[in-house]
Amino acid sequence: MQYRTHITVSLAVGLPMLAAVDQVTFINTVALVCGSVLPDIDHPRSFIGKRSQVVSKVANKTLGHRGATHSLVVAAGVYLLALFIAKAYLASAAMHLPFWLLIGYLLHLVEDSFSKNSIHWFWPFSKFKRSTRKRLFYYRTGHVSEYLILGFALCLLLIELNLLWSGHLTSLFDHGFAASLKLLIAKLQLLLLPR
């Protein structure tokens, strides 16, 4: 996926999650967006790769595109680094930043796992990639299938922003689902964000 699709899809999925736990802040939203483009640091022509060329070229030469940076191991490493930085250097207003960065990163991995080339979820423990022949749905980067996903996610995001502005974003889901989502995110934050 291109960066604009990653950002749009991640916001369309992440914004209701942010609203469910009443954490829609500028810092948390930026963390979600940054996490949604961060795995592509291993591609020199990506949005983030162009802005950090040295890191991107080194990552691409040593790990290749959709290698290590598109794995759960590196996602955990990025989360731990963000947690350390947040605890050591950031104000308490940014205490949820590592969590939302991780959510954005994981959403990127989920999005890329539907691409034709898929990803190595369990790198370095497994080199297994899911075959496109066995999948019902997949997209190709830069093709019509990706633009259809972008269009759908953009429409959904605009609806969510309208609902957020009016204070009714959680009404997008029934109360049972919204309550379950809120409870799940709260439990994950208790588990992942030490006090």
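Biologist: Which residues does UniProt list for "transmembrane region"?

Modeller: The model is a predicted one, in which local features need pLDDT of at least 70 and side-chain atom pairs count only at pLDDT 80 or more, while totals for chains, interfaces and linings use all residues. Residues are numbered from 1 along each chain as its sequence is written, and side-chain values use heavy atoms, with hydrogens and water left out. UniProt positions are in this numbering, feature names are shortened, and annotations may be inferred rather than shown by experiment. With that caution, the unreviewed entry lists residues 71–91, 97–115 and 136–159.

Biologist: How far apart are the end C-alpha atoms of residues 97–115?

Modeller: Helices (H or I, at least four residues) and strands (E, at least two) are DSSP runs numbered from the N terminus. Over residues 71–91 the chain is 86% helix and 0% strand, with end C-alpha atoms 29 Å apart. Residues 97–115 are 89% helix and 0% strand, and their end C-alpha atoms are separated by 28 Å.

Biologist: Which residues of H7 are buried?

Modeller: Buried means under 20% relative accessible area, exposed over 50% and partly exposed in between (1.4 Å probe, protein chains only). Gly151, which is found in H7, has a relative accessible area of 31% and so is partly exposed. The cover over the buried residues of H7 includes H1. Those buried residues are Glu146, Ile149, Leu150, Ala153, Leu157, Glu160 and Leu163.

Biologist: Is Ser115 buried or exposed?

Modeller: Ser115 belongs to the loop between helix H6 (97–113) and H7. Its C-alpha atom is 9.0 Å from that of Glu146, although 31 residues separate the two along the chain. Because its relative accessibility is 1%, Ser115 counts as buried.

Biologist: With which residues is Gln189 in contact, leaving aside its neighbours within four places in sequence?

Modeller: Gln189 has its place in helix H8 (residues 175–192) and is buried, with a relative accessible area of 5%. Contact means heavy atoms within 4.5 Å. Beyond the sequence neighbours, the partners of Gln189 are Gln23, His96, Phe99 and Trp100.

Biologist: What phi does Asp22 have?

Modeller: Asp22 sits in the loop between H1 and helix H2 (26–37). At 72% relative accessibility, Asp22 counts as exposed. Although Asp22 is not a glycine, its phi is positive, at about 55°.

Biologist: Which helix gives the most to the lining of the largest pocket?

Modeller: On a 1 Å grid over the protein atoms alone, a pocket is an open set of points where a 1.4 Å probe fits, with protein on both sides within 12 Å along at least five of seven lines; lining residues have an atom within 4 Å of a point. The largest pocket is lined by 22 residues, of which Met1, Gln2, His43, His65 and Thr141 lie nearest its centre. The elements giving two or more residues to this lining are helix H1 (3–20) and helix H3 (47–51). The one that gives the most, with four residues, is H3.
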